[in-house]
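Let's take a walk through this structure together, one region at a time. Have the viewer ready and follow along.

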Amino acid sequence: MQIFLFLFCIIFLMAFLKTPKVKGFFGELEVRNILKKLKKDEFEILHNILLEKDGKTTQIDHIIVGRTGIFVVETKNYSGWIFGSEHSKFWTQSFYKSKRRFQNPVHQNYGHIKYLEYHLQDYTGPFFSVIAFGKKGTIKKMDIMSDYIHVVPTEELPRVVHSKTVVGMSTDSVRRVADMICAANCSGKGRSKKHVQTIQQNIRLKKEKISNNICPKCGSGLIDKIGKYGSFTSCSQYPSCRFTN
Ligand SMILES: [Zn+2]
């Protein structure tokens, strides 16, 4: 009888470790450990920053402030082969024979940088956008032309940070910029709840519009189309509005 109980516990534990939340937690921990390799007196490292702008909020995984600039890190724990390019709307995650597409994280991170720019109006240095993939994913093909964008495995984060050599800030400025980000960060408990509520409300409004055949981006009508990945809904104003669902 006891052996069954034991097996049950093992199975339960394994299932628990496979939930996205737990996996995400360990993924984030891994990145934090990698970033610890950066020298403490040269870099300010911030995690899980929540910023507000025009009544909307955004969450940034990691920010590294150094004398060469601000590195904004978006982490993805996707498995399989990753294909993407700087300007395409979607990137592809490919397993043996199945494919899945996801929003271009460079675009997502560009949004994060816009929030930071808004809160750091005195800062004139560069922003570097870094997309970091965890161990399970292999970056197969990546077309990035900009020197300000890097797509790398998480363990290469310190290398990317050290690859920048143009020093534009004093150590004091680095600390000041980090302080300003911390001051703008609203991921205190109550605020964090508000972020979730705002997101849920936005999702609800978006769904409502889509179900009424209204484009949530521009308010025009929506039409059904058939594409490479099956049928999808698109804005009738394409290409001036590029909303798809
Ligand atoms: Zn539209």
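This is a predicted model: local features need pLDDT of at least 70, side-chain atom pairs count only at pLDDT 80 or more; totals for chains, interfaces and linings use all residues.

In soluble globular proteins, nonpolar side chains tend to be buried together.

To see how the packing looks from a single side chain, centre the view on L116. Leaving aside residues up to four places away in sequence, L116 touches L51, I60, I63, I70, V72, F127 and I181.

Now turn to an open sheet of four strands. Reading across the sheet, the order is β6-β5-β4-β8, and the pairing is mixed. The edges are taken by β6 (99-103) and β8 (137-143), each with a single partner strand, so one side of each has no neighbour in the sheet. From one strand to the next, the twist averages 25°. Across from T138 in β8 you will find W81.

Next comes the metal site. Which atoms hold the zinc ion? The SG atoms of C215, C218, C235 and C241 coordinate the zinc ion, at 2.3 Å. The angles among the four donor atoms are 105 to 113°, and the site is tetrahedral. For comparison, the ideal angle for four tetrahedral donors is 109.5 degrees. Along the chain, the donors follow the spacing C-x2-C-x16-C-x5-C. C218 sits in the loop between α6 (189-211) and β10 (222-227), while C241 belongs to the segment after β11 (230-235), so this pair ties together parts that are 23 residues apart in sequence. Are these two cysteines buried or exposed? C218 is partly exposed, with a relative accessible area of 40%, whereas C241 counts as buried at 8%, because the cut-off for buried is under 20%.

Finally, follow helix α6, where E208 has its place. E208 is partly exposed, its relative accessible area being 47%. From E208 to R67 is 46 Å in space, C-alpha to C-alpha, and 141 residues in sequence.

Key:
Residues are numbered from 1 along each chain as its sequence is written. Side-chain values use heavy atoms; hydrogens and water are left out. Donors are N, O and S atoms within 2.8 Å of the metal (3.2 Å for Na, K and Ca); water is not among the atoms, so sites may look incomplete. Four donors count as tetrahedral if all angles lie between 85 and 135 degrees; four count as square planar and six as octahedral if opposite donors are over 155 degrees apart and all others between 65 and 115; anything else is irregular. Helices (H or I, at least four residues) and strands (E, at least two) are DSSP runs, numbered from the N terminus. Buried means under 20% relative accessible area, exposed over 50%, partly exposed in between (1.4 Å probe, protein chains only). Contact means heavy atoms within 4.5 Å. Two strands pair if DSSP finds at least two bridges between them. Axes are lines fitted to C-alpha atoms, for helices over the stretch in contact, and angles run from 0 to 180 degrees between N-to-C directions.
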